[in-house]
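Have the model open as you read.

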Amino acid sequence: MSDPFAFDRPLRFAVMGNPVEHSKSPAIHARFARQCGIRLEYDRIQVDPGGFAQALDHFRARGGNGLNITVPFKLEAWSLADRRSPRAELAGAVNTLRFDDDGLFGDNTDGVGLVRDLVENLRCPLAGRRILVLGAGGAARGILGPLLEARPEALRIANRTVSRAHELAERFATHGPVTAGGLDQLNGAGFDVVINATAASLDGALPKIPPSVFAANGLACDLMYGDQPTAFLAWAADQGVTRLADGLGMLVEQAAESFLVWLKRRPLTKDVLVELRANPAAFSEAGRVSE
Ligand code: ATR
């Protein structure tokens with residue numbers, strides 16, 4: 001995209017994924033746009049398995065300027081991008097696409113969104129701290145680069161399938177002090193920040209870890225969110241952990257970073273996050289849904 005402000009029609013963005021009908025992104029970006037005085041349309045586009053590349057071409061042909069990509073298309077978005085940011089390259093996944101004059105630019109704003117939420121919103125510095133990441137799937141891979149960039153003392157990846165944790169640790173070994181192991185090797189570990197990046201919360205399940213994973217005043221963070229606390233956050237609270245963070249802050253922060261990638265302006269996030277927590281229903285309804 002050459003000059004985002006040289007258009008007299010609204011700029012066109014959308015989130016593509018499956019499912020997307022409950023995505024809060026249209027309402028979040030509508031608030032960012034209003035705040036920055038930019039006219040934009042932001043739709044939800046539900047894409048059938050196998051139909052992603054075609055949907056992308058179609059959106060571009062209709063004058064689309066950029067996209068957010070969500071489950072299950074982040075890897076395919078990565079492979080379809082003509083150019084990628086270093087953080088997208090490292091993550092092996094793309095959640096933000098921008099249609100540039102010279103092709104498709106792919107970025108990944110998930111990890112930086114999480115780090116901004118932890119450091120700026122929750123006042124939880126990561127430098128010199130001990131971080132535990134539970135899970136070794138796509139969600140974990142997307143956050144490891146920015147977490148290591150924040151210069152923790154140690155970052156441990158623990159996964160149910162230990163070999164996947166080791167593979168991830170090898171991939172990120174040159175980026176910081178990362179080690180790997182199983183969920184059953186965490187006794188007495190004492191981490192300042194414990195991040196649940198497993199898909200367990202989707203089924204209301206809990207990764208099997210001992211309460212001693214938390215250091216005194218440790219923070220529990222789940223990348224998921226819902227109307228009720230996730231099983232992981234509820235369990236952490238039962239263990240006496242008082243600093244709890246769900247994925248809503250990361251959601252708003254990754255959106256702000258995508259907005260910056262597309263439009264070269266960083267919107268303020270605080271009021272949007274406050275409103276989202278107070279009135280989540282208002283964020284589910286706004287925005288149009290395309291086929
Ligand atoms: P995502 O893109 O959401 O990360 P994924 O790539 O399928 O999805 O990865 C899911 C992650 O959640 C994996 O780390 C998985 O552990 P395994 O590698 O052992 O499968 C983890 N996971 C899912 N359900 C879990 C559960 N009930 N307990 C512990 N870990 C779980």
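Predicted model: local features only at pLDDT ≥ 70, side-chain atom pairs only at ≥ 80, totals over all residues.

Numbering starts from 1 along each chain as its sequence is written, and side-chain values use heavy atoms, with hydrogens and water left out.

The domain assignment gives domain 1 (11-110 + 249-289) and domain 2 (126-246); such bounds come from an automatic or database assignment. Taken over C-alpha atoms, their centres are 26 Å apart. Where they meet, 11 residues of domain 1 are in contact (heavy atoms within 4.5 Å) with 10 residues of domain 2. Together the two domains bury about 900 Å², with 57% of it on carbon and sulfur atoms; buried area is the accessible area (1.4 Å probe) that two parts lose on being put together, summed over both. On the domain 1 side, Leu-90, Ala-91 and Met-250 lose the most area to domain 2, together 51% of what that side buries.

Now for the helices, which are DSSP runs (H or I, at least four residues) numbered from the N terminus. The axes of H5 (residues 110-121) and H9 (residues 248-263) come within 7 Å and cross at roughly 120°. Axes here are lines fitted to C-alpha atoms over the stretch in contact, with angles from 0 to 180 degrees between N-to-C directions. H9 contributes Gly-249, Met-250, Glu-253, Gln-254 and Glu-257 to the contact, and the H5 residues include Arg-116 and Asp-117.

Key. Helix = DSSP H or I, 4+ residues; strand = E, 2+ residues; numbered from the N terminus.
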